[in-house]
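Me: Hi! I have a model open and would like to talk it through with you. Can we go piece by piece?

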Number of protein chains: 2
Amino acid sequence: MYPQLKLDNQVCFRLYTASRLITQAYRPLLEPLGITYPQYLVLLVLWEKDNLLVSDISHRLELESNTITPLLQRMEKEGLVSRSKGVVDGRQTLVSLTKKGIRLQEQAKDIPSCMTGALSHSSLCENDARTLVSTLDTIINTLKSND
Amino acid sequence: MYPQLKLDNQVCFRLYTASRLITQAYRPLLEPLGITYPQYLVLLVLWEKDNLLVSDISHRLELESNTITPLLQRMEKEGLVSRSKGVVDGRQTLVSLTKKGIRLQEQAKDIPSCMTGALSHSSLCENDARTLVSTLDTIINTLKSND
DNA sequence: AACATTTTAATCGTGTACGATATAATCATT
DNA sequence: AATGATTATATCGTACACGATTAAAATGTT
């Protein structure tokens, strides 16, 4: 038996599990808004800066268009965003928030503090969180540049 | 604009992205073995202890049967595991490694060091990794007990 | 201008995730 | 022993992820 193959020695498994459990924890918070976690991420991007190309959202979220396109189509069907062909470059698709999409921001503004609250019930202090963010950024940047 | 809704302030987005990028990084390592990352996790569990119930694997990986069952069915079709009805309790399904499944362990033994190597190209040192593991465990245990 | 090349999205197919539901087998009570 | 409650998996439907391919449009070259 190889010790390096023990599940408990796998950092990656923990990342995978933590990510899944957090997405699950978001569900009850996002359900009242009628959106999923990846859709929430798209809205975060658009709330920061509206009228973006699919490629802009793609770069920001590190997701390919084959993931984002159907996601945006569902959001369009829900009336959260509108999509229009680019005028400068006809291949591009411009994504814009609808009034409904903009209004959702109000309902979402307390979600981050709810999540922080849920996590700080544990002994996860401010300082641990900062270290975590910095370590994750290191990992993300390392793996991003591998393309 | 609410600062708490800025994407860059979201710990959760980083976890989500790091997890996805790591799974992507595993792909070229797992492809020669003909398995996916979740299938690799199931094998890690079975390599540690063979002949487990679906519920055992479920608890170990924090995944529900509705995720694991089809996963195991694909692995069975690939000849990596076999599934049989429990003798003591007919509701249970016993999952066992086939010879092919056992043999894969040999081919997999260098995968962890490959991943560690890829990550240590960044400035992620041994110490950061230990802190990361401990923080993730805190998060996981907090969210697990919320059920 | 005509055409090969590149770029940008969308489409397609497979494999997870996961809530909700169904099925089947055991257990607890009567 | 019969039946209602519980438990262990499996099934179903929806929504991602992502590699591979396609389609359309802009760009570069001759």
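Me: How many bridges join strand 2 of chain B to strand 3 of chain B?
Reply: There are 5 bridges between strand 2 of chain B and strand 3 (residues 93–97) of chain B, and the two run antiparallel. Keep in mind that this is a predicted model.

Me: Which residue is the bridge partner of Lys85(B) in strand 3 of chain B?
Reply: That would be Thr93(B), in strand 3 of chain B.

Me: And what order do the strands of that sheet in chain B take?
Reply: The order is 1-3-2, in an open sheet of 3 strands with antiparallel pairing. Strand 1 (52–53) and strand 2 (81–85) of chain B are at the edges with a single partner strand each, so one side of each has no neighbour in the sheet.

Me: OK, over to chain A. What does the sheet look like there?
Reply: Chain A has an open sheet of 3 strands, ordered 1-3-2, and the pairing is antiparallel. Its edges are strand 1 (52–53) and strand 2 (81–85) of chain A; each has a single partner strand, so one side of each is left without a neighbour in the sheet.

Me: How many bridges are there between strand 1 and strand 3 of chain A?
Reply: Strand 1 of chain A pairs with strand 3 (residues 93–97) of chain A over 2 bridges, in the antiparallel sense. One pairing to look for on screen is Leu53(A), whose bridge partner in strand 3 of chain A is Leu94(A).

Me: What else is in chain A besides the strands?
Reply: Chain A has 7 helices along with its 3 strands. Reading from the N terminus, the elements go α-α-β-α-α-β-β-α-α-α. Along the principal axes, the C-alpha atoms of chain A fill a box of roughly 60 × 35 × 25 Å.

Me: How is chain A divided into domains?
Reply: Into two pieces: domain 1 covers 3–109 and domain 2 covers 110–147 of chain A. Their C-alpha centres lie 18 Å apart.

Me: How many residues of each are in contact?
Reply: Domain 1 of chain A brings 11 residues into contact with 8 residues of domain 2 of chain A. The area buried between these two domains is about 860 Å², with 73% of it from carbon and sulfur atoms. On the domain 1 side of chain A, Leu29(A), Glu62(A) and Lys109(A) supply 48% of the area buried against domain 2, more than any other three residues.

Me: Switching topic: how do the two chains meet?
Reply: In this model, 57 residues of chain B are in contact with 57 residues of chain A. The two chains bury about 5,800 Å² between them, 73% of it on carbon and sulfur atoms.

Me: How many salt bridges are there between chain B and chain A?
Reply: The count is 4. One of the pairs linking the chains is Arg14(A) with Asp137(B), whose closest N and O atoms are 2.6 Å apart. Chain B and chain A also have 12 residue pairs in polar contact.

Me: And which helix of chain B gives the most to the side that touches chain A?
Reply: Helix 1 of chain B, with 14 residues. That side of chain B divides into 35 nonpolar, 11 polar and 11 charged residues.

Me: Last one: how many salt bridges over all chains?
Reply: A search of the whole structure finds 14. Another to look at is Arg60(A) with Glu48(A), where the closest N and O atoms are 3.3 Å apart. That pair links distant parts of the chain: Arg60(A) sits in helix 3 (residues 54–61) of chain A and Glu48(A) in helix 2 (residues 37–48) of chain A, 12 residues apart.

Methods
Residues numbered from 1 in each chain as written. Chains lettered and ligands numbered in written order. Predicted model: local features only at pLDDT ≥ 70, side-chain atom pairs only at ≥ 80, totals over all residues. Heavy atoms only, no water. Domains from an automatic or database assignment. Contact = heavy atoms within 4.5 Å. Buried area = accessible area lost by both parts, 1.4 Å probe. Pairing = 2+ DSSP bridges. Helix = DSSP H or I, 4+ residues; strand = E, 2+ residues; numbered from the N terminus. Salt bridge = Lys/Arg side-chain N within 4 Å of Asp/Glu carboxyl O. Polar contact = N/O pair within 3.5 Å; in protein donor to acceptor, adjacent residues only side chain to side chain. Nonpolar A, V, L, I, M, F, W, Y, C, P; charged D, E, K, R; others polar.
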